[in-house]
Amino acid sequence: MRRRFHAACVVTAAAVCLAPEAIGRNAAIILDSITIRVYDSTGVAPNDRTAALKTAGSILSRADLDAIWIVCTPARDGRQQPGCDAAPASHELVVRLTHSAPTAEDGNRRAFGFSLIDPTTATGTLSTVYVDRVDWLASTGKAVRAEVLGRAITHELGHQLLGSNDHPARGLMRETWTADELTRNRAEDWQFSQAQRVALHARWASWGGLARRAGARDPRAAFGSE
């Protein structure tokens with residue numbers, strides 16, 4: 001399901017020949033951890049990417065989920081570091097960061113990303129975030145780019161964790177984001193609701209635990225460009 005931006009709003013990714021950079025985050029009381037593989041083919045500055053994942057991790061921590069990030073970027077000299085050349089495990093979530101393709105869509109109605117959800121199992125398989133569209137929204141709303149990118153990443157991860165592409169009227173998981181909302185920067189606009197936090201943690205504790213015990217692998221080792 002695609003997120004859209006209204007009036008002053010905005011983000012599939014490529015992940016071919018990628019190498020990792022692991023980013024961890026410590027939290028005081030976190031009940032469960034999730035491993036998230038991020039394939040970045042856009043060349044986001046490392047400092048911006050780290051800040052974006054810190055924002056995403058902070059939002060997830062409020063749902064009692066501790067994010068362990070594995071960042072995969074284009075390999076240099078044809079060499080890959082261990083971690084990104086193997087297929088993600090079934091309990092790992094995958095996010096792709098890429099640029100959008102030219103489109104005839106109205107600039108005020110551009111989706112910043114989408115997530116693939118298996119309708120049979122109600123589980124997510126892959127999320128994509130269009131970094132150029134996130135940048136446009138951040139610029140229009142005079143917001144910090146990395147913070148908006150982190151929110152967009154978390155929104156898409158929310159679809160995977162909730163197993164649904166539905167959108168509520170309010171909060172982080174709403175469909176339409178506006179520049180005015182970025183400018184106002186109300187905390188409730190960029191967080192999961194209490195009900196969603198409970199659902200996120202409960203679903204992950206069940207689904208993630210079963211996947212880890214099964215030890216299965218997913219055929220998501222590499223992705224082509226759009």
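Trainee: In which sense do strand E5 and E7 pair, and over how many bridges?
Mentor: E5, residues 93–98, pairs with E7 in the parallel sense, over 4 bridges. Within that pairing, Leu97 has Val129 in E7 as its bridge partner. Keep in mind that this is a predicted model.

Trainee: And E6 with E7, parallel or antiparallel?
Mentor: Antiparallel, over 6 bridges; E6 covers residues 113–118. Phe114 is bridged to Thr128 in E7.

Trainee: How many residues sit between E6 and E7 in the hairpin?
Mentor: There are 4 residues between them, and Ala122 in that turn has a positive phi of about 55°.

Trainee: Is E7 itself mostly covered or mostly open?
Mentor: Mostly covered. Of the 8 residues in E7 (residues 123–130), 7 are buried.

Trainee: Moving on to H2. Which residues are buried there?
Mentor: In H2, residues 131–140, the buried ones are Val131, Arg133, Val134, Leu137 and Ala138. They span an arc of only 160° around the axis, so they are on the same side of H2.

Trainee: What follows H2?
Mentor: Lys142, with a positive phi near 55°.

Trainee: Where else is phi positive in a residue other than glycine?
Mentor: Asp64 is one of those places, with phi near 65°. Asp64 is in the loop between helix H1 (46–61) and strand E4 (65–74). Its relative accessibility is 29%, so Asp64 counts as partly exposed. Asn185 also has a positive phi, near 55°, and is in the loop between helices H4 (179–184) and H5 (194–214).

Trainee: What about the inside? Which residues touch the most other members of the largest nonpolar core?
Mentor: Ile36, Leu60, Trp69, Leu149 and Ile153, in a core of 38 residues. Elements giving two or more residues to this core include strand E3 (32–40), H1, E4 and E5. Helix H3 (145–162) is also among them, and H3 gives the most, with 7 residues.

Trainee: What does Ile153 contact, apart from its neighbours in sequence?
Mentor: Leaving aside neighbours within four places in sequence, Ile153 is in contact with Leu53, Trp69, Val95, Leu97 and Val129.

Trainee: Which residues are in the second core?
Mentor: That core is separate and has 6 residues, including Ile70, Cys72, Cys84 and Leu126.

Trainee: Now the rings. How many aromatic pairs are there?
Mentor: A search of the whole structure gives 3. In one of them, Phe114 and Tyr130 have ring centres 6.4 Å apart and planes at 50°, so the pair is tilted. Phe114 is in E6 and Tyr130 in E7, 16 residues apart. Both Phe114 and Tyr130 are buried.

Trainee: How are Trp177 and Trp190 arranged?
Mentor: They are edge-to-face, 4.9 Å centre to centre, with 85° between the planes. Trp177 is in strand E8 and Trp190 in the loop between H4 and H5, so the pair ties together parts that are 13 residues apart in sequence. Both Trp177 and Trp190 are buried.

Trainee: Which charged end sits over the ring of Trp190?
Mentor: That of Arg174, 4.5 Å from the ring centre. Over the face of Tyr130 you will find Arg133, at 5.0 Å from the ring centre.

Notes. Residues are numbered from 1 along each chain as its sequence is written. This is a predicted model: local features need pLDDT of at least 70, side-chain atom pairs count only at pLDDT 80 or more; totals for chains, interfaces and linings use all residues. Side-chain values use heavy atoms; hydrogens and water are left out. Buried means under 20% relative accessible area, exposed over 50%, partly exposed in between (1.4 Å probe, protein chains only). Two strands pair if DSSP finds at least two bridges between them. The arc is that of the directions from the helix axis to the C-beta atoms. A nonpolar core is a set of buried Ala, Val, Leu, Ile, Met, Phe, Trp, Tyr and Cys residues joined through side-chain atoms within 4.5 Å. Contact means heavy atoms within 4.5 Å. Rings of Phe, Tyr and Trp (its six-membered ring) pair if their centres lie within 6.5 Å; planes under 30 degrees apart count as stacked, over 60 as edge-to-face and the rest as tilted. A charge sits over a ring if NZ of Lys or CZ of Arg is within 6 Å of the ring centre and within 35 degrees of the ring normal.
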